[in-house]
Amino acid sequence: AAPAPPREPPREECPSPGVMASGAAVDAAPPATNVVVLVCTSNTCRSPMAGAIAQSILSRRAGGAWMAVSRALTDEYEPEGSPASEFAVEACEEVCGADIAQHRSRLLTAADVAGGPAAGGGGG
């Protein structure tokens with residue numbers, strides 16, 4: 001018997017850009033009770049996509065108690081404030097309909113790691 005074809009994972013619906021953790025609009029939002037910080041090298045591809053998908057899941061399952069933000073480890077490859085890569089924008093839109101085109105990279109700060117105001121949208 002032939003093996004069953006692989007099943008596609010359930011498609012997660014992402015929130016609108018106004019509530020996406022990887023976009024600038026959310027960085028100005030009031031802090032959530034709990035913050036998940038997603039980190040990658042330059043915050044222009046993996047972490048913005050992960051932030052959008054995580055925020056979608058957190059919004060549906062935990063309401064406003066949790067928020068996902070994405071940050072960069074270094075600005076060696078892309079300067080802080082760089083947009084999400086074209087491929088990340090296209091992939092995120094295709095996978096879950098999220099628009100991360102307004103995302104701008106931000107460096108990880110000590111406050112992000114400590115869960116301070118920068119992680120929740122205040123500074124940093």
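Predicted model: local features only at pLDDT ≥ 70, side-chain atom pairs only at ≥ 80, totals over all residues.
D112 is buried, because its relative accessibility is 3% and the cut-off for buried is under 20%.

What does D112 pair with? It forms a salt bridge with R71. The closest N and O atoms of the two are 3.2 Å apart. The pair links distant parts of the chain. D112 belongs to helix α4, while R71 belongs to strand β2, residues 66–72. R71 has a relative accessibility of 1%, so R71 counts as buried. D112 is buried too, at 3%. How many salt bridges does a search of the whole structure find? The count is 1.

Now step back to the whole chain. The protein chain has 5 helices and 2 strands. Read from the N terminus, the elements run α-β-α-β-α-α-α. The chain has 124 residues, and 35% of them count as buried.

Stay in helix α4 for a moment. V113 is also placed in this helix. Is V113 buried or exposed? V113 counts as exposed, because its relative accessibility is 63% and exposed means over 50%.

Next comes the loop between β1 and α2. Strand β1 spans 34–40 and helix α2 spans 46–62.

Take T41 to begin with. T41 is found in the loop between β1 and α2. Its relative accessible area is 28%, so T41 is partly exposed. T41 and Y77 are 36 residues apart along the chain. Their C-alpha atoms are separated by 8.0 Å.

Then look at N43. Its place is in the loop between β1 and α2. N43 is buried, because its relative accessible area is 0%. Its backbone has a feature to note. Most residues other than glycine have a negative phi. What is the phi of N43? The value is near 60 degrees, which is positive, in a residue other than glycine.

T44 lies in the loop between β1 and α2 as well. T44 has a relative accessibility of 7%, so T44 counts as buried. T44 and S105 are 61 residues apart in sequence. In space, they are 6.0 Å apart, C-alpha to C-alpha.

Where is S105 found? S105 is in the loop between α3 and α4. S105 is buried, because its relative accessible area is 3%. What does the side chain of S105 reach? It reaches the backbone oxygen of P79, at 3.3 Å.

Finally, turn to the surface. Which residues form a negative surface patch? They are E86, E90, E93, E94 and D99. One of them, E94, lies in helix α3, residues 86–96. E94 is exposed, because its relative accessible area is 65% and exposed means over 50%.

D112 is buried at 3% relative accessibility and forms a salt bridge with R71. E94 is exposed, with a relative accessible area of 65%, and E94 is part of a negative surface patch.

Technical notes. Residues numbered from 1 in each chain as written. Heavy atoms only, no water. Patch = residues over 30% accessible without salt bridge, like charges linked within 9 Å, V, L, I, M, F, W, Y side chains within 5 Å. Areas by Shrake-Rupley, 256 points an atom, 1.4 Å probe, with all protein chains shown as cover. Salt bridge = Lys/Arg side-chain N within 4 Å of Asp/Glu carboxyl O. Lys, Arg positive; Asp, Glu negative; His and termini not counted. Charge placed at Lys NZ, Arg CZ, Asp CG, Glu CD. Helix = DSSP H or I, 4+ residues; strand = E, 2+ residues; numbered from the N terminus. Buried < 20%, exposed > 50% of the residue type's maximum accessible area, 1.4 Å probe, protein only. Polar contact = N/O pair within 3.5 Å; in protein donor to acceptor, adjacent residues only side chain to side chain.
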